[in-house]
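Have the viewer open as you read.

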Amino acid sequence: MDLQYVSYMSNQANILNEKDIEDLLFQVREKNKRLTITGLLLLIQGKFIQYIEGPAKEIDKVYKKIKNDPRHNELLLLDKGELEERQFTDWSMAYQKVKDADIEKLVGYKDLKLDELFFVDKDERSAHPVLKILYNFTKNLS
Ligand SMILES: Cc1cc2nc3c(=O)[nH]c(=O)nc-3n(C[C@H](O)[C@H](O)[C@H](O)COP(=O)(O)O)c2cc1C
């Protein structure tokens with residue numbers, strides 16, 4: 001099976017409350033289980049950062065759906081590629097709200113200046129500290 005991953009950042013369209021997030025995760029987890037997609041969603045300094053992995057065909061279809069979802073906007077691709085094996089086996093979609101203190105512990109400062117990511121090229125995006133944070137959470141959860 002061809003495995004692929006995608007990670008992206010987006011702005012919440014409206015500030016989602018706990019119930020909205022629960023509803024979103026319920027919907028996402030059901031569908032991901034069906035499609036054998038696994039991954040992680042972070043809420044970090046007001047942005048969503050998501051990592052999804054699974055069969056290439058499904059990732060392609062779901063990423064298209066996600067891009068058109070009105071619950072968020074200004075979606076920006078951070079990284080994508082092929083995988084030999086999954087980072088996650090158990091999580092149809094893990095979720096973490098990342099605190100500033102966690103960010104500081106991992107990268108040495110608090111303000112990630114995530115809005116600046118919209119203005120840099122692809123190589124700089126894939127080297128941004130927010131990906132270090134994302135992949136650190138990925139490792140700790142799997
Ligand atoms: C931040 C965010 C993350 C999402 N992640 C996923 C996901 O991992 N898998 C998924 O199937 N849908 C995800 N969705 C929901 C899709 O945008 C879409 O609503 C869903 O796939 C339902 O599609 P369908 O009922 O038209 O098949 C996400 C939506 C948002 C706003």
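## A loop residue to start with

Where is the place of Lys 113? Lys 113 is in the loop between α3 (100-107) and α4 (122-126); helices here are DSSP runs of H or I with at least four residues, strands are E runs of at least two, and both are numbered from the N terminus. Its phi is near 50°, a positive value in a residue other than glycine.

Glu 74 is another case: not a glycine, yet its phi is positive at about 50°. Glu 74 belongs to strand β4 (residues 72-83). For context, most residues other than glycine have a negative phi.

## Ground rules

This is a predicted model, where local features need pLDDT of at least 70 and side-chain atom pairs count only at pLDDT 80 or more, while totals for chains, interfaces and linings use all residues. Numbering runs from 1 along each chain as its sequence is written, and side-chain values use heavy atoms, with hydrogens and water left out.

## Around the ligand

The ligand has 16 residues around it, and the closest are Lys 31, Asn 32, Gln 50, Lys 65 and Asp 69 (to count, a residue needs a heavy atom within 4 Å). By class, that shell has eight nonpolar, four polar and four charged residues; Ala, Val, Leu, Ile, Met, Phe, Trp, Tyr, Cys and Pro count as nonpolar, Asp, Glu, Lys and Arg as charged, and the others, Gly among them, as polar.

Now for the polar pairs. A polar side-chain atom of Asn 32 is 2.7 Å from a ligand nitrogen. Lys 65 puts a polar side-chain atom 2.6 Å from an oxygen atom of the ligand, and a side-chain N or O atom of Asp 69 is 2.6 Å from a ligand oxygen. Taken alone, the ligand exposes 620 Å², and the protein buries 82% of that (Shrake-Rupley areas, 1.4 Å probe).

Which elements give two or more residues to the shell around the ligand? They are α1 (18-35), β3 (47-55) and α2 (56-67), with α1 giving the most, at five residues.

## The annotated domain

UniProt, in an unreviewed entry, places "domain: BLUF" at residues 3-94; such annotations may be inferred rather than shown by experiment. Over residues 3-94 the chain is 33% helix and 42% strand, and the end C-alpha atoms are 19 Å apart.

Definitions and conventions: A polar contact is a pair of N or O atoms within 3.5 Å; within protein, one must be able to donate a hydrogen and the other to accept it, and residues adjacent in sequence count only if both atoms are side-chain atoms.
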